[in-house]
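Dear colleague,

I am passing on the structure that follows, together with some notes on what was found in it. Please look through it before you read on.

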Amino acid sequence: MSIFRTKNLDTMVADARTPGGLKKVLGPMDLILMGIGAIVGTGIFVLTGTGAVTAGPALSLSFIIAAIACGFAALCYAEFASSVPVAGSIYTYSYVTLGEIVAWMIGWDLLLEYGLATSTVAVGWSGYFQSLLKGIGIVLPEALRAAPGAIPGVNTLFNLPAFLIMLVLTFMLSLGVRESARVNNIMVLIKTGVVLLFIFVGVSYVKPDNWQPFMPFGMGSVMSAAALVFFAFIGFDAVTSAAEEVKNPAKDLPIGIIGSLVICTILYVVVAAIMTGIVPYMNFKGVDHPVSLALQYAGQDWVAGFVDLAAILGMSTVILVMAYGQTRILYAMSRDGLLPKKLSEVHPKYGTPYFATWMVGIIFGLIAAVVPLGVLAELVNIGTLAAFSLVSLAVIILRKKRPDLHRAFRCPGVPVVPALAIIFCVALMSFLSWHTWVAFAVWLLLGLIVYFGYARQRSLLNNTKA
(Lines give C-alpha, C1' and ligand atoms only; values in the text may rest on other atoms or scores of the structure.)
Protein backbone atom coordinates (compact mmCIF):
# COMPACT_ATOMS: atom_id res chain seq x y z
CA MET A 1 0.00 0.00 0.00
CA SER A 2 1.30 3.43 -0.93
CA ILE A 3 0.87 6.48 1.30
CA PHE A 4 0.94 8.65 -1.84
CA ARG A 5 -1.82 6.76 -3.64
CA THR A 6 -4.61 9.08 -4.81
CA LYS A 7 -8.35 8.50 -4.97
CA ASN A 8 -10.15 8.03 -8.27
CA LEU A 9 -11.69 11.41 -8.99
CA ASP A 10 -14.57 10.18 -11.17
CA THR A 11 -15.60 7.51 -8.65
CA MET A 12 -15.50 9.98 -5.78
CA VAL A 13 -17.75 12.50 -7.53
CA ALA A 14 -20.17 9.73 -8.50
CA ASP A 15 -20.32 8.50 -4.89
CA ALA A 16 -21.15 12.01 -3.69
CA ARG A 17 -24.14 12.09 -6.06
CA THR A 18 -25.52 8.78 -4.79
CA PRO A 19 -28.91 9.21 -3.02
CA GLY A 20 -28.99 8.66 0.74
CA GLY A 21 -26.18 11.03 1.69
CA LEU A 22 -26.29 14.67 2.75
CA LYS A 23 -29.30 16.75 1.65
CA LYS A 24 -28.83 19.23 -1.24
CA VAL A 25 -30.61 22.35 0.04
CA LEU A 26 -28.21 25.32 -0.34
CA GLY A 27 -28.28 28.02 -3.03
CA PRO A 28 -25.83 30.82 -4.00
CA MET A 29 -27.20 33.40 -1.56
CA ASP A 30 -26.98 30.85 1.27
CA LEU A 31 -23.31 30.31 0.40
CA ILE A 32 -22.47 34.03 0.22
CA LEU A 33 -24.13 34.61 3.59
CA MET A 34 -22.45 31.50 4.98
CA GLY A 35 -19.10 32.91 3.89
CA ILE A 36 -19.84 36.34 5.40
CA GLY A 37 -21.11 34.56 8.51
CA ALA A 38 -17.78 32.78 8.93
CA ILE A 39 -15.61 35.77 8.03
CA VAL A 40 -17.13 38.80 9.78
CA GLY A 41 -16.61 38.24 13.49
CA THR A 42 -13.58 38.29 15.77
CA GLY A 43 -11.37 39.74 13.03
CA ILE A 44 -13.28 42.97 12.59
CA PHE A 45 -14.63 43.36 16.13
CA VAL A 46 -11.49 42.42 18.12
CA LEU A 47 -8.29 42.01 16.08
CA THR A 48 -8.58 45.40 14.37
CA GLY A 49 -7.43 47.01 17.64
CA THR A 50 -4.28 44.88 17.88
CA GLY A 51 -3.67 45.37 14.17
CA ALA A 52 -3.89 49.16 14.53
CA VAL A 53 -1.31 49.17 17.33
CA THR A 54 1.00 47.02 15.17
CA ALA A 55 0.67 48.81 11.80
CA GLY A 56 -0.80 52.21 12.70
CA PRO A 57 -3.14 53.80 10.12
CA ALA A 58 -1.61 51.45 7.53
CA LEU A 59 -3.87 48.73 8.97
CA SER A 60 -6.06 49.16 5.88
CA LEU A 61 -3.04 48.20 3.77
CA SER A 62 -2.50 45.13 5.98
CA PHE A 63 -6.08 44.04 5.26
CA ILE A 64 -5.52 44.53 1.54
CA ILE A 65 -2.36 42.38 1.61
CA ALA A 66 -4.12 39.62 3.54
CA ALA A 67 -7.07 39.86 1.15
CA ILE A 68 -4.78 39.50 -1.89
CA ALA A 69 -3.34 36.30 -0.45
CA CYS A 70 -6.86 35.04 0.21
CA GLY A 71 -8.04 36.19 -3.22
CA PHE A 72 -5.46 34.14 -5.12
CA ALA A 73 -6.28 31.13 -2.94
CA ALA A 74 -10.03 31.73 -3.37
CA LEU A 75 -9.71 31.43 -7.16
CA CYS A 76 -7.99 28.07 -6.67
CA TYR A 77 -10.66 26.94 -4.21
CA ALA A 78 -13.39 27.97 -6.64
CA GLU A 79 -11.93 25.80 -9.42
CA PHE A 80 -11.68 22.77 -7.17
CA ALA A 81 -15.05 23.25 -5.49
CA SER A 82 -16.87 23.55 -8.83
CA SER A 83 -15.03 20.56 -10.32
CA VAL A 84 -15.05 18.27 -7.28
CA PRO A 85 -18.32 18.98 -5.43
CA VAL A 86 -17.55 16.68 -2.49
CA ALA A 87 -17.58 17.34 1.24
CA GLY A 88 -14.22 17.80 2.92
CA SER A 89 -12.76 20.97 1.37
CA ILE A 90 -8.97 20.93 0.84
CA TYR A 91 -8.73 17.49 2.48
CA THR A 92 -10.70 15.99 -0.39
CA TYR A 93 -8.88 18.01 -3.05
CA SER A 94 -5.51 16.86 -1.72
CA TYR A 95 -6.66 13.24 -1.77
CA VAL A 96 -7.22 13.26 -5.54
CA THR A 97 -4.01 15.12 -6.39
CA LEU A 98 -1.28 14.76 -3.77
CA GLY A 99 -2.05 11.37 -2.21
CA GLU A 100 -3.44 9.96 1.01
CA ILE A 101 -0.64 10.97 3.38
CA VAL A 102 -0.82 14.63 2.31
CA ALA A 103 -4.64 14.54 2.48
CA TRP A 104 -4.50 13.08 5.98
CA MET A 105 -2.06 15.71 7.20
CA ILE A 106 -4.03 18.60 5.77
CA GLY A 107 -7.26 17.14 7.15
CA TRP A 108 -5.55 16.81 10.53
CA ASP A 109 -4.43 20.42 10.18
CA LEU A 110 -7.97 21.60 9.38
CA LEU A 111 -9.41 19.77 12.40
CA LEU A 112 -7.12 21.87 14.59
CA GLU A 113 -7.81 25.08 12.67
CA TYR A 114 -11.59 24.86 12.63
CA GLY A 115 -11.91 23.39 16.12
CA LEU A 116 -9.67 25.88 17.92
CA ALA A 117 -11.16 28.71 15.87
CA THR A 118 -14.59 27.89 17.32
CA SER A 119 -13.12 27.73 20.83
CA THR A 120 -11.32 31.05 20.43
CA VAL A 121 -14.37 32.84 19.08
CA ALA A 122 -16.55 31.31 21.81
CA VAL A 123 -14.25 32.90 24.41
CA GLY A 124 -14.53 36.27 22.62
CA TRP A 125 -18.31 35.84 22.44
CA SER A 126 -18.38 35.21 26.18
CA GLY A 127 -16.58 38.48 26.89
CA TYR A 128 -19.00 40.57 24.82
CA PHE A 129 -22.01 38.68 26.23
CA GLN A 130 -20.92 39.24 29.82
CA SER A 131 -20.38 42.91 29.04
CA LEU A 132 -23.94 43.08 27.70
CA LEU A 133 -25.27 41.34 30.83
CA LYS A 134 -23.33 43.73 33.05
CA GLY A 135 -25.03 46.62 31.29
CA ILE A 136 -28.40 45.38 32.56
CA GLY A 137 -27.11 44.59 36.06
CA ILE A 138 -26.39 40.87 35.73
CA VAL A 139 -22.95 39.64 36.85
CA LEU A 140 -21.94 35.97 36.78
CA PRO A 141 -20.14 34.40 39.75
CA GLU A 142 -16.35 34.79 39.49
CA ALA A 143 -15.76 31.05 39.08
CA LEU A 144 -17.95 30.90 35.94
CA ARG A 145 -16.63 33.97 34.08
CA ALA A 146 -13.52 32.54 32.42
CA ALA A 147 -11.02 29.69 32.20
CA PRO A 148 -8.59 29.12 35.09
CA GLY A 149 -5.93 31.83 35.16
CA ALA A 150 -7.51 33.83 32.32
CA ILE A 151 -8.13 36.89 34.53
CA PRO A 152 -5.17 37.88 36.76
CA GLY A 153 -6.12 38.04 40.42
CA VAL A 154 -9.57 36.51 39.89
CA ASN A 155 -10.37 32.93 40.93
CA THR A 156 -11.99 31.75 37.69
CA LEU A 157 -12.62 28.07 36.98
CA PHE A 158 -14.98 27.64 34.02
CA ASN A 159 -16.16 29.88 31.17
CA LEU A 160 -19.83 29.00 31.33
CA PRO A 161 -21.12 31.35 28.58
CA ALA A 162 -18.49 30.05 26.11
CA PHE A 163 -19.49 26.45 26.82
CA LEU A 164 -23.22 27.17 26.57
CA ILE A 165 -23.01 29.02 23.24
CA MET A 166 -21.10 26.06 21.78
CA LEU A 167 -23.87 23.70 22.92
CA VAL A 168 -26.67 25.93 21.60
CA LEU A 169 -25.07 26.24 18.15
CA THR A 170 -24.24 22.52 18.11
CA PHE A 171 -27.92 21.78 18.72
CA MET A 172 -28.83 23.97 15.75
CA LEU A 173 -26.30 22.25 13.50
CA SER A 174 -27.50 18.81 14.52
CA LEU A 175 -31.05 19.61 13.36
CA GLY A 176 -30.03 20.23 9.76
CA VAL A 177 -28.05 22.52 7.49
CA ARG A 178 -31.18 24.17 6.05
CA GLU A 179 -32.35 25.24 9.51
CA SER A 180 -28.85 26.39 10.50
CA ALA A 181 -28.52 28.36 7.26
CA ARG A 182 -31.78 30.24 7.95
CA VAL A 183 -30.59 31.35 11.39
CA ASN A 184 -27.14 32.21 9.99
CA ASN A 185 -28.67 34.33 7.21
CA ILE A 186 -30.72 36.38 9.67
CA MET A 187 -27.76 37.03 11.97
CA VAL A 188 -25.49 37.89 9.03
CA LEU A 189 -27.95 40.47 7.70
CA ILE A 190 -28.22 42.09 11.15
CA LYS A 191 -24.48 42.28 11.81
CA THR A 192 -23.72 43.50 8.27
CA GLY A 193 -26.35 46.21 8.75
CA VAL A 194 -24.68 47.31 11.99
CA VAL A 195 -21.24 47.43 10.31
CA LEU A 196 -22.76 49.65 7.60
CA LEU A 197 -24.32 51.80 10.35
CA PHE A 198 -20.85 52.23 11.88
CA ILE A 199 -19.48 53.33 8.51
CA PHE A 200 -22.37 55.76 7.92
CA VAL A 201 -22.12 57.35 11.40
CA GLY A 202 -18.34 57.17 11.87
CA VAL A 203 -17.18 58.68 8.56
CA SER A 204 -18.21 62.19 9.60
CA TYR A 205 -15.99 62.01 12.72
CA VAL A 206 -12.79 61.10 10.88
CA LYS A 207 -9.83 63.44 11.47
CA PRO A 208 -7.29 63.03 8.63
CA ASP A 209 -4.50 64.15 10.99
CA ASN A 210 -4.89 60.79 12.79
CA TRP A 211 -3.69 59.06 9.62
CA GLN A 212 -0.29 60.76 9.87
CA PRO A 213 2.22 59.19 9.80
CA PHE A 214 0.46 56.54 7.73
CA MET A 215 3.12 53.84 8.21
CA PRO A 216 4.81 54.71 11.54
CA PHE A 217 6.62 51.38 12.01
CA GLY A 218 7.59 50.55 8.43
CA MET A 219 6.54 47.87 5.97
CA GLY A 220 7.66 45.03 8.25
CA SER A 221 5.01 46.00 10.80
CA VAL A 222 2.40 46.19 8.05
CA MET A 223 3.26 42.60 7.06
CA SER A 224 3.18 41.47 10.70
CA ALA A 225 -0.27 43.02 11.07
CA ALA A 226 -1.34 41.33 7.82
CA ALA A 227 -0.24 37.96 9.25
CA LEU A 228 -2.33 38.69 12.35
CA VAL A 229 -5.48 40.07 10.71
CA PHE A 230 -5.39 37.20 8.22
CA PHE A 231 -7.50 35.55 10.92
CA ALA A 232 -10.21 38.00 9.91
CA PHE A 233 -10.55 36.31 6.49
CA ILE A 234 -10.66 32.73 7.71
CA GLY A 235 -14.01 31.25 6.83
CA PHE A 236 -14.53 31.57 3.08
CA ASP A 237 -12.90 28.15 2.68
CA ALA A 238 -15.56 26.69 4.98
CA VAL A 239 -18.04 27.32 2.16
CA THR A 240 -16.39 24.52 0.17
CA SER A 241 -17.18 22.09 2.98
CA ALA A 242 -20.84 22.43 1.97
CA ALA A 243 -20.20 21.09 -1.55
CA GLU A 244 -22.39 17.98 -1.24
CA GLU A 245 -25.29 20.02 0.17
CA VAL A 246 -25.40 22.60 -2.64
CA LYS A 247 -28.11 22.39 -5.28
CA ASN A 248 -25.89 23.49 -8.18
CA PRO A 249 -22.27 23.32 -6.91
CA ALA A 250 -20.59 23.98 -10.28
CA LYS A 251 -22.21 27.42 -10.49
CA ASP A 252 -23.01 28.36 -6.91
CA LEU A 253 -19.77 27.48 -5.08
CA PRO A 254 -17.55 29.97 -6.96
CA ILE A 255 -20.20 32.66 -6.40
CA GLY A 256 -20.30 31.92 -2.67
CA ILE A 257 -16.51 31.80 -2.24
CA ILE A 258 -15.51 34.86 -4.24
CA GLY A 259 -18.63 36.91 -3.45
CA SER A 260 -18.25 36.62 0.33
CA LEU A 261 -14.53 37.41 0.17
CA VAL A 262 -15.01 40.56 -1.95
CA ILE A 263 -17.80 41.91 0.27
CA CYS A 264 -15.83 41.31 3.48
CA THR A 265 -12.62 42.85 2.10
CA ILE A 266 -14.44 46.09 1.24
CA LEU A 267 -16.03 46.23 4.71
CA TYR A 268 -12.71 45.57 6.48
CA VAL A 269 -10.72 48.19 4.61
CA VAL A 270 -13.35 50.90 5.10
CA VAL A 271 -13.90 50.08 8.79
CA ALA A 272 -10.13 50.06 9.49
CA ALA A 273 -9.71 53.45 7.79
CA ILE A 274 -12.59 55.00 9.73
CA MET A 275 -11.44 53.54 13.06
CA THR A 276 -7.89 54.86 12.77
CA GLY A 277 -9.27 58.16 11.49
CA ILE A 278 -11.39 58.67 14.60
CA VAL A 279 -9.03 57.29 17.27
CA PRO A 280 -5.22 57.79 17.38
CA TYR A 281 -3.87 54.29 16.70
CA MET A 282 -1.90 53.90 19.97
CA ASN A 283 -5.12 54.36 21.96
CA PHE A 284 -6.24 50.90 20.79
CA LYS A 285 -3.58 49.20 22.93
CA GLY A 286 -5.17 46.57 25.19
CA VAL A 287 -8.66 47.29 23.80
CA ASP A 288 -10.83 44.28 22.94
CA HIS A 289 -13.74 46.31 21.53
CA PRO A 290 -12.04 48.70 19.06
CA VAL A 291 -15.05 49.36 16.83
CA SER A 292 -17.32 50.41 19.68
CA LEU A 293 -14.42 52.39 21.21
CA ALA A 294 -14.24 54.49 18.04
CA LEU A 295 -17.92 55.30 18.36
CA GLN A 296 -17.49 56.20 22.03
CA TYR A 297 -14.72 58.61 21.00
CA ALA A 298 -17.20 60.12 18.56
CA GLY A 299 -19.79 60.47 21.32
CA GLN A 300 -22.14 58.01 19.64
CA ASP A 301 -22.69 55.65 22.57
CA TRP A 302 -26.07 54.51 21.27
CA VAL A 303 -24.47 53.16 18.09
CA ALA A 304 -21.69 51.58 20.18
CA GLY A 305 -24.36 49.50 21.94
CA PHE A 306 -25.59 48.23 18.58
CA VAL A 307 -22.00 47.34 17.66
CA ASP A 308 -21.63 45.25 20.82
CA LEU A 309 -24.82 43.39 19.92
CA ALA A 310 -23.59 42.89 16.36
CA ALA A 311 -20.31 41.51 17.73
CA ILE A 312 -22.24 38.87 19.67
CA LEU A 313 -24.24 37.93 16.57
CA GLY A 314 -21.13 38.07 14.39
CA MET A 315 -19.18 35.72 16.59
CA SER A 316 -22.17 33.37 16.79
CA THR A 317 -22.22 32.95 13.02
CA VAL A 318 -18.44 32.38 12.93
CA ILE A 319 -18.76 29.57 15.48
CA LEU A 320 -21.72 28.13 13.58
CA VAL A 321 -20.01 28.01 10.18
CA MET A 322 -16.58 26.90 11.44
CA ALA A 323 -18.14 24.10 13.50
CA TYR A 324 -20.14 23.11 10.42
CA GLY A 325 -16.97 22.97 8.33
CA GLN A 326 -15.17 20.82 10.87
CA THR A 327 -17.99 18.28 11.10
CA ARG A 328 -18.01 17.89 7.30
CA ILE A 329 -14.26 17.28 7.24
CA LEU A 330 -14.66 14.65 9.95
CA TYR A 331 -17.48 13.16 7.87
CA ALA A 332 -15.28 12.95 4.77
CA MET A 333 -12.27 11.47 6.60
CA SER A 334 -14.47 8.93 8.34
CA ARG A 335 -16.14 7.96 5.05
CA ASP A 336 -12.66 7.23 3.67
CA GLY A 337 -11.92 4.91 6.59
CA LEU A 338 -9.26 7.17 8.13
CA LEU A 339 -11.37 7.89 11.21
CA PRO A 340 -13.99 5.74 13.04
CA LYS A 341 -17.08 5.04 10.92
CA LYS A 342 -19.36 6.46 13.61
CA LEU A 343 -18.27 9.95 12.55
CA SER A 344 -19.80 9.57 9.06
CA GLU A 345 -23.16 8.18 10.14
CA VAL A 346 -25.99 10.42 8.90
CA HIS A 347 -29.07 10.89 11.06
CA PRO A 348 -32.11 9.36 9.27
CA LYS A 349 -34.38 12.30 10.11
CA TYR A 350 -32.12 15.37 10.13
CA GLY A 351 -29.71 14.32 7.36
CA THR A 352 -26.66 15.47 9.36
CA PRO A 353 -23.57 13.71 10.78
CA TYR A 354 -25.24 13.78 14.19
CA PHE A 355 -22.62 12.09 16.36
CA ALA A 356 -19.72 14.03 14.81
CA THR A 357 -21.58 17.31 15.31
CA TRP A 358 -22.16 16.75 19.01
CA MET A 359 -18.64 15.42 19.55
CA VAL A 360 -17.17 18.61 18.04
CA GLY A 361 -19.47 20.85 20.06
CA ILE A 362 -18.78 19.21 23.41
CA ILE A 363 -14.99 18.82 23.01
CA PHE A 364 -14.28 22.32 21.76
CA GLY A 365 -16.88 23.81 24.07
CA LEU A 366 -14.93 22.34 27.00
CA ILE A 367 -11.67 23.67 25.54
CA ALA A 368 -13.22 27.14 25.35
CA ALA A 369 -14.43 26.81 28.94
CA VAL A 370 -11.23 25.67 30.65
CA VAL A 371 -8.24 26.75 28.50
CA PRO A 372 -6.96 30.34 28.19
CA LEU A 373 -6.17 30.68 24.47
CA GLY A 374 -3.75 33.61 24.27
CA VAL A 375 -1.78 32.75 21.10
CA LEU A 376 -4.52 30.83 19.37
CA ALA A 377 -5.13 33.30 16.54
CA GLU A 378 -1.59 32.77 15.25
CA LEU A 379 -1.88 28.97 15.52
CA VAL A 380 -5.14 29.01 13.56
CA ASN A 381 -3.54 31.31 10.97
CA ILE A 382 -0.53 29.10 10.29
CA GLY A 383 -2.77 26.08 9.72
CA THR A 384 -4.96 28.02 7.32
CA LEU A 385 -2.03 29.46 5.37
CA ALA A 386 -0.59 25.95 4.99
CA ALA A 387 -3.97 24.73 3.69
CA PHE A 388 -4.24 27.59 1.20
CA SER A 389 -0.74 26.83 -0.10
CA LEU A 390 -1.62 23.18 -0.64
CA VAL A 391 -4.87 23.83 -2.49
CA SER A 392 -3.01 26.20 -4.81
CA LEU A 393 -0.37 23.54 -5.48
CA ALA A 394 -3.13 20.98 -6.06
CA VAL A 395 -4.70 23.13 -8.80
CA ILE A 396 -1.40 23.15 -10.72
CA ILE A 397 -0.98 19.38 -10.32
CA LEU A 398 -4.55 18.53 -11.35
CA ARG A 399 -4.28 20.72 -14.46
CA LYS A 400 -1.35 18.50 -15.51
CA LYS A 401 -2.85 15.17 -14.42
CA ARG A 402 -6.44 15.73 -15.61
CA PRO A 403 -6.54 18.37 -18.38
CA ASP A 404 -9.74 16.65 -19.62
CA LEU A 405 -11.65 17.23 -16.36
CA HIS A 406 -14.72 19.44 -16.76
CA ARG A 407 -14.18 22.64 -14.79
CA ALA A 408 -17.27 24.79 -14.40
CA PHE A 409 -15.00 27.53 -13.09
CA ARG A 410 -11.37 27.80 -14.21
CA CYS A 411 -8.83 29.66 -12.10
CA PRO A 412 -7.31 32.28 -14.43
CA GLY A 413 -3.59 32.52 -15.09
CA VAL A 414 -2.54 29.00 -14.05
CA PRO A 415 0.19 28.39 -12.93
CA VAL A 416 0.96 32.06 -12.15
CA VAL A 417 -2.07 32.76 -9.92
CA PRO A 418 -1.67 29.57 -7.80
CA ALA A 419 2.06 30.29 -7.51
CA LEU A 420 1.32 33.82 -6.30
CA ALA A 421 -1.11 32.38 -3.73
CA ILE A 422 1.66 30.11 -2.41
CA ILE A 423 4.20 32.97 -2.32
CA PHE A 424 1.84 35.30 -0.43
CA CYS A 425 0.81 32.60 2.07
CA VAL A 426 4.38 31.50 2.80
CA ALA A 427 5.42 35.15 3.17
CA LEU A 428 2.70 35.74 5.77
CA MET A 429 3.65 32.51 7.58
CA SER A 430 7.22 33.79 7.91
CA PHE A 431 5.98 36.72 10.00
CA LEU A 432 4.38 34.45 12.62
CA SER A 433 6.21 33.81 15.90
CA TRP A 434 8.58 30.87 16.41
CA HIS A 435 6.48 29.31 19.17
CA THR A 436 3.56 29.16 16.73
CA TRP A 437 5.75 27.18 14.33
CA VAL A 438 6.80 24.83 17.15
CA ALA A 439 3.20 24.21 18.25
CA PHE A 440 2.16 23.59 14.65
CA ALA A 441 5.03 21.11 14.15
CA VAL A 442 4.05 19.22 17.31
CA TRP A 443 0.45 18.91 16.11
CA LEU A 444 1.58 17.61 12.70
CA LEU A 445 3.92 15.09 14.36
CA LEU A 446 1.01 13.81 16.42
CA GLY A 447 -0.97 13.50 13.18
CA LEU A 448 1.74 11.30 11.65
CA ILE A 449 1.65 9.03 14.70
CA VAL A 450 -2.14 8.64 14.43
CA TYR A 451 -1.92 8.02 10.68
CA PHE A 452 0.68 5.25 10.83
CA GLY A 453 -0.73 3.81 14.06
CA TYR A 454 -4.42 3.77 13.06
CA ALA A 455 -5.62 5.39 9.85
CA ARG A 456 -3.31 3.79 7.27
CA GLN A 457 -4.36 0.24 8.11
CA ARG A 458 -8.07 1.13 7.99
CA SER A 459 -8.06 3.32 4.90
CA LEU A 460 -10.64 2.16 2.35
CA LEU A 461 -8.32 3.20 -0.47
CA ASN A 462 -5.43 1.11 0.81
CA ASN A 463 -7.72 -1.85 1.42
CA THR A 464 -9.07 -1.79 -2.14
CA LYS A 465 -7.28 -3.58 -4.93
CA ALA A 466 -5.79 -1.26 -7.52
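A residue is called buried when its relative accessible area is under 20%, exposed when over 50% and partly exposed in between, with a 1.4 Å probe and protein chains only. This is a predicted model, in which local features need pLDDT of at least 70 and side-chain atom pairs count only at pLDDT 80 or more, while totals for chains, interfaces and linings use all residues. Residues are numbered from 1 along each chain as its sequence is written, and side-chain values use heavy atoms, with hydrogens and water left out.

Aromatic rings of Phe, Tyr and Trp (its six-membered ring) pair if their centres lie within 6.5 Å, and planes under 30 degrees apart count as stacked, over 60 as edge-to-face and the rest as tilted. The count by this rule comes to 14 aromatic pairs. In one of them, the rings of Trp104 and Tyr451 have centres 6.0 Å apart and planes at 40°, so this pair is tilted. Trp104 lies in helix H6 (residues 100-135) and Tyr451 in helix H16 (residues 434-458), 347 residues apart, and the pair thus links distant parts of the chain; helices here are DSSP runs (H or I, at least four residues), numbered from the N terminus. Both Trp104 and Tyr451 are buried, and together with Trp108, Trp443 and Phe452 they form one aromatic cluster.

In another pair, the rings of Phe233 and Tyr268 have centres 5.1 Å apart and planes at 70°, so the arrangement is edge-to-face. Phe233 counts as buried at 1% relative accessibility, and Tyr268 counts as buried at 0%.

Helix H2 (residues 28-39) is mostly covered, with 10 of its 12 residues buried, among them Asp30, Leu31 and Ile39.

With best wishes

Terms used:
Helix = DSSP H or I, 4+ residues; strand = E, 2+ residues; numbered from the N terminus. Expected span 1.5 Å × (residues − 1).
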